[in-house]
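Subject: The two-chain model, with notes

Hi,

Here is the structure I promised to pass on to you. Please open it alongside the sequence, and then read my notes below.

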Amino acid sequence: MTENLEERGFGQKEMGFVQVEHPFKETVRMFATNYAAVAGFVVLVIVILVSFLGPFIYTTDPWEMVWSPFSPPGAKGFLLGTDYLGRDLVAQIIHGGRATIAVGCAAALLSVLIGITFGALSGFYRGWVEEVLMRITEFFQVLPTLLFSMVLVALFGASLAMITFAIGIVSWTGVARVTRAEFLKIRELEYVTASRSGGAKAPTLIFRVILPNALPPIVVQSALLVGFAILFEAGLSFLGLSDPDVMSWGAMMGNNRPFILQHAFTIMYPGLAIFITVLAISLVGDGLNDALNPKLRKR
Amino acid sequence: MLEATSMLELRDVEVRFNLKRIGLFGAVPQLRAVDGVSLSVQQGETMAIVGESGSGKTTLALAIARLVPVASGEIQMGDIDLLGLTGESLRTHRQNMQFIFQDPYSSLNPRLRAQDIVREPLDRLAIGSVDSRNQRVQEMFEQVGLRQDQLRLFPHQFSGGQRQRIGIARAIASRPSLVICDEPVSALDVGVQAQILNLLRRLQKDLNLTYLFISHDLGVVQHMCDSIAVMYMGKIVEESDRESLFNNPLHPYTRALLSAVPSADPSRRNREQRITISGDPPNPIDLPPGCRFASRCPMVEERCKSVEPILTLREKSHQVACHLV
């Protein structure tokens, strides 16, 4: 009787049909209501635009000596002054952003790839696979990260690729643990069993069924990793381990380090650029976390 | 009566789970979730497995569907030895046996549209051409009473009953002969339960399905099933056809279960004494030597605590494992 009613298309409302917002739209809406996150996002967009389009507009060569060294900001039309070789700091900041952001993103991508692989395999297969992979993860966790990266870069040369690798290889453990935790949780859910019952093989289960559902916390972790990698690159550069052929904010700080007491502004400006960028990334990451975290969602 | 052919035969099926090792070098304790279960399900009938939480009924269902590893025993489906199947042969056989899950909220992948959820077994098992699969999904929607304009919706846009319909559509999409229903209605409210049960019965008739129906609700079982097996702590304590079990329950546990079914008829309510069972079930890791129900049985005798009763035939197609009947 009741069934017939439903088959005749009787009121969806009486049958408890509830229209709920799509999770993606809900996430976007939650993010948009978080003013700090939106501000961070806007700043980040500006930083990226300036770094990637700026060099075509502000064409002064960041390597060229344009004026006497350590000109204070504003002198002779150089807005931020010049560095220890008399190179334009504005040009350096605009041109240096590209490498900084690229290294940050590439290193974060590398650690996300390693982390997801380790986390997914250990969380999915359990048993000895998990034992081995998690022991390796713990090994990298207890490694003194800065020291290890410095050794890598010092041994194999300070090329941009090597620096990226050195940062990526020490920062993936967090992603691995988050991914494993999500896999442990999701693999027990009935829709995974249902997929198995429907004939899905292990790679399908890992990449098509579980991973997409495990992504939200991984996305947050990755966003914060970009900020971490930028800071790390700055740290390495500050210690002199930067690619001498590439202009980056970290390299600017490293180059001017000997003169930090006499001419602080040469280090302050690239430092400020890093600070603003990392802050913006953190705000976006936190905003994503709030927007993706179902516990904070109002129902 | 037509000659019934057995479509599913279990012999001494055992499922064990390894628990956490005691100490560094201690033995790994094992939990026997299903302990020596033998069953036979006839083609086209509905066999119920009832029992309380933790009695191993869901584990048994998963074992039959080869979704948890079986430690020992035999499972025969038609003339195929299910436990002998591995890898690819098991995968292709999965289209013959499908599963309907208890919780319609966790059994649907929240990232897939309803049509893709129903399509999944077709895609994974490469059933039919790519075009025909869409056609099939539409038919399935029709068959379970969902509308075509709901094809592209996501699970969270459906109610519990509708979600369970999607789960049923997915289960029958590959045209299985055996469908294992693991408490398919226990997460739904009563009105919706009736709709889903009627749907399951209609599908059984239309598609000639055999059901293995896991439940703890005897009212539902009476409505749905031809024969019933009662499980307690991993063992079958009584097995019978519906009539015989409901009219003449033999095992004290079955009697207690039946007396706990609420009745709408006040005269019946007073006439029948409620049998209450006190105490807790024994620790499943450290089982007592005798009957597993001995610690709670109102009729317990000395021998029950030392000698384990064996499932024996008492009446025509009515088996029970108890010393006292």
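What follows is a short tour of what turned up. Please keep in mind that this is a predicted model.

**Where the two chains meet**

On the chain A side, 27 residues are in contact with 31 residues of chain B. Three helices of chain A, namely α1 (2–7), α9 and α10, each supply at least two residues of the side that touches chain B. The largest share, seven residues, comes from α9(A). By class, the chain A side divides into 10 nonpolar, 12 polar and five charged residues.

**Helix α8 of chain A**

Next, have a look at α8(A), which covers residues 173–186. Its 14 residues reach 20 Å from the first C-alpha to the last, close to the 20 Å expected at 1.5 Å a residue. The buried residues of α8(A) include Val175(A), Ala176(A), Phe183(A) and Ile186(A), and Arg177(A), Arg180(A) and Glu182(A) are among them too. What do these buried residues pack against? Their partners are α4 (89–125), α5 (127–142), α9 (190–197) and α10 (202–238) of chain A. Helices α9 and α10 of chain A also came up above, as suppliers of residues to the side that touches chain B.

**Two helix pairs**

Two packed helices are described by the angle between their axes and the distance between the axes. In chain A, the axes of α11 (residues 249–256) and α12 (residues 265–292) come within 9 Å and cross at roughly 155°. Angles over 145 degrees count as roughly antiparallel, so α11(A) is roughly antiparallel to α12(A). The crossing of these two helices is left-handed. On the α11(A) side the contact is made by Trp249(A), Met252(A), Met253(A) and Asn256(A), while α12(A) brings Thr266(A), Ile267(A), Pro270(A), Gly271(A), Ala273(A) and Ile274(A). Seven of the residues in this contact are nonpolar, three are polar and none is charged.

In chain B, α3 (residues 114–124) and α4 (residues 130–143) pack at an angle of about 125°, with their axes 10 Å apart. α3(B) and α4(B) are therefore oblique to each other, and the crossing is right-handed. Here α3(B) contributes Gln115(B), Val118(B), Arg119(B), Leu122(B) and Asp123(B), and α4(B) contributes Arg133(B), Arg136(B), Val137(B) and Met140(B). This contact has four nonpolar, one polar and four charged residues.

**Two backbone spots to check**

Most residues other than glycine have a negative phi. Arg126(A), in the loop between α4 and α5 of chain A, has a positive phi near 55°. Is Arg126(A) buried or partly exposed? Arg126(A) counts as partly exposed, because 14 C-beta neighbours lie inside 10 Å. Met233(B) also has a positive phi, of about 50°, and sits in the loop between β9 (227–232) and β10 (235–241) of chain B. With 23 C-beta neighbours inside 10 Å, Met233(B) counts as buried.

**Glu14 of chain B**

Finally, Glu14(B) lies in strand β1 (residues 6–18) of chain B and is partly exposed, with 16 other C-beta atoms within 10 Å. Beyond its neighbours within four places in sequence, Glu14(B) is in contact with Arg32(B), Val34(B), Asp35(B), Gly36(B), Ala71(B), Ser72(B) and Gly73(B). Glu14(B) and His216(B) are 202 residues apart in sequence and 21 Å apart in space, C-alpha to C-alpha.

Methods: Residues numbered from 1 in each chain as written. Chains lettered and ligands numbered in written order. Predicted model: local features only at pLDDT ≥ 70, side-chain atom pairs only at ≥ 80, totals over all residues. Helix = DSSP H or I, 4+ residues; strand = E, 2+ residues; numbered from the N terminus. Expected span 1.5 Å × (residues − 1). Buried ≥ 20, exposed ≤ 12 C-beta atoms within 10 Å, placed from the backbone. Contact = placed C-beta atoms within 7 Å. Axes fitted to C-alpha atoms, helices over the stretch in contact; angles between N-to-C directions. Parallel < 35°, antiparallel > 145°, perpendicular 65-115°, else oblique. Left-handed = near helix turned anticlockwise from the far one by under 90°. Nonpolar A, V, L, I, M, F, W, Y, C, P; charged D, E, K, R; others polar.
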